[in-house]
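Hello,

Here is the structure I promised to hand over. Have a look, and then read on for what I found in it.

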Amino acid sequence: MENNAPGVVFVPEDKVKIALALDEIGVYEIEVGIYSRATEGRDYILEIMEKKKNSNISLWARLRKDDVLEACRQKPDILHIGVPVSYAQIYSKLNKNKQWILKNLAECMEIADNFHVPVVLGFEDCSRADLGFMIKLIACAEKLGVSKIRLSDTVGIFTPERAGKFVKDVKSYSNIPIETHEHNDLGLAVANSIEMANAGAEYIDCTLYGLGERAGNCDMYEFVNAAELKYDTGIDKKNISKVYKLLENILKPKYSDYLR
Amino acid sequence: MLKIIDATLCALNGDKINKADVLRLIELMKNISVTHLQITPRIYDILEGELPKDVVYYMDLDISTYIAKDYAIDNNIQYYFVPKQKNNDMEIPVFQINSIKEPYVIDKGWDIIKVIGLDDMLIGGVDNAFAFFSRLFPIKKILICPENTYSCATAIAITFLKRKGLGAISTFWGIGNKAATEQILMAFHITDRYLPNRNFKEFIELKALVEKMSDVEIPPFAPIVGEKIFHVESGIHVAGILKKSSNYELYPPEIVGNERKIVLGKHTGKTAVAEKIKELDSREYTDEEIETILNIVKRVSIAKGYGISDDEFLKILNEVWL
């Protein structure tokens, strides 16, 4: 719901409608956005938390103490903290270093721990990052009580074989559950996600209509349509179509702009 | 060399095809280094038998056309795809395999075969898929034409080519439920440095031409060729891209004839607003004014449920300036 597809605006009322529809069809976790006092406030988060029946509700935060503190105050079921792991993201984008990442991670985790909010650590740009640093981060994260690692293929450079091998490599060092986050820049998001599941990833990020930056993410309908040949996702794809129908009235100027 | 056989011309079944457009499409394919093309008797007729040079042609024949021998034999056509048989060196037998779970037996005596389908090839895992081929037929003698029932056709083609399969058959934007030629090309360009000094600006004209020759409208967020895939709104992404585009872009938009555009909306940050002001307005704004403008942009965007156009942004700037 906050996956940065340019031009797409979900107002709080839309978010409540979409979240409750996803809750109804059995989606394990719904990431409802980044907490922002200035734009949307907290009412919609509270409403979703109050009315949902099945799903876990998560918020996303940057690796910053203030952001994590504000997000934890909303008491989500899960907090995603985005951690840049590639040289491009750490040095070129943030102008920081690996030490800064480790220090901030420890500080942010302390805050989340105080609020008893389970944390998923999102490795941003993992597909262009050094495996050694990520293994070190995972060891550190496990000690700090992180519940899952999300592998974000931020620029969509993975191919199925590389994606699967990457999950196997991570799994060979740690038993921490793995979540995938694929981008569709090369049209491979669904196949990469399937191969990552085959390699042992337990959680697969999807978005409705594949909405997301650039060419988007792994489309929920397409993923379930493929994955159900082998896996029980717990979601009936006919029900996903119903949620897509709901979105047709929300996406502007017209929903068909977002088909791929 | 990567063997991609483009079959876009075979997927254009409507009545919107004329000789000039077919010739232009072939020219553009050559320009993006795709020199193996699959055609049909109908396309051959539209071209009146005048096949442009420097292209390897594969004529795709259905059963009835093949049995009736209702097609041209032309020295400029190197191969004919024919149903499960072979009567001369130019013919390549075609097999339909929809699921790799089903038992298939193919005579290992053929020198080259074409396999259509393979819809579920990657669902059970890449290694499992190639174990299937090792039982079926050597991949260095297979041309595959994967189908996109499970949104994996491009991935199947790429994986097959990376494992040194003989070749893959695809169409522009995957029309006709196939793998997408431009996605395969770019995947190899990026991950294997295939044609490293090449740009693919012709994708834009190819896209327009394919849309003109078919009833297909390629959506704005289609991988590689979507008009809006380099639009960027989120504050985090704009700031990252302005520092260095490769922070958030897999390749520069110019390579595929596109351009980056900052769009303003609910997710916009101060950096994006400042950049947009530079683009559209010669006046200087203070940090405080930029903050005010940002708040208005977010408010207006949320109220209208969509991004802010350049005209709307200029109106906001004029209000703040007054």
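Is Tyr66(B) buried or exposed? Tyr66(B) is buried, with a relative accessible area of 8% (buried means under 20%, exposed over 50%, partly exposed in between, with a 1.4 Å probe and protein chains only).

Some notes on reading the model: it is predicted, so local features need pLDDT of at least 70 and side-chain atom pairs pLDDT 80 or more, while totals for chains, interfaces and linings use all residues. Side-chain values use heavy atoms, without hydrogens and water, residues are numbered from 1 along each chain as its sequence is written, and chains are lettered from A and ligands numbered from 1 in the order in which they are written.

Now back to the tyrosines. The ring centres of Tyr66(B) and Tyr71(B) are 6.4 Å apart and their planes are at 20 degrees, so this pair is stacked (rings of Phe, Tyr and Trp, the last by its six-membered ring, pair if their centres lie within 6.5 Å; planes under 30 degrees apart are stacked, over 60 edge-to-face, the rest tilted). Tyr71(B) is buried too, at 17%.

Over all chains there are 17 aromatic pairs. Among them is Tyr58(B) with Tyr79(B), also stacked, at 5.2 Å centre to centre and 25 degrees between the planes. Tyr58(B) is buried at 1% relative accessibility, whereas Tyr79(B) is partly exposed at 28%. Phe130(B), Phe132(B), Phe133(B) and Phe160(B) make up one aromatic cluster.

Enjoy exploring!
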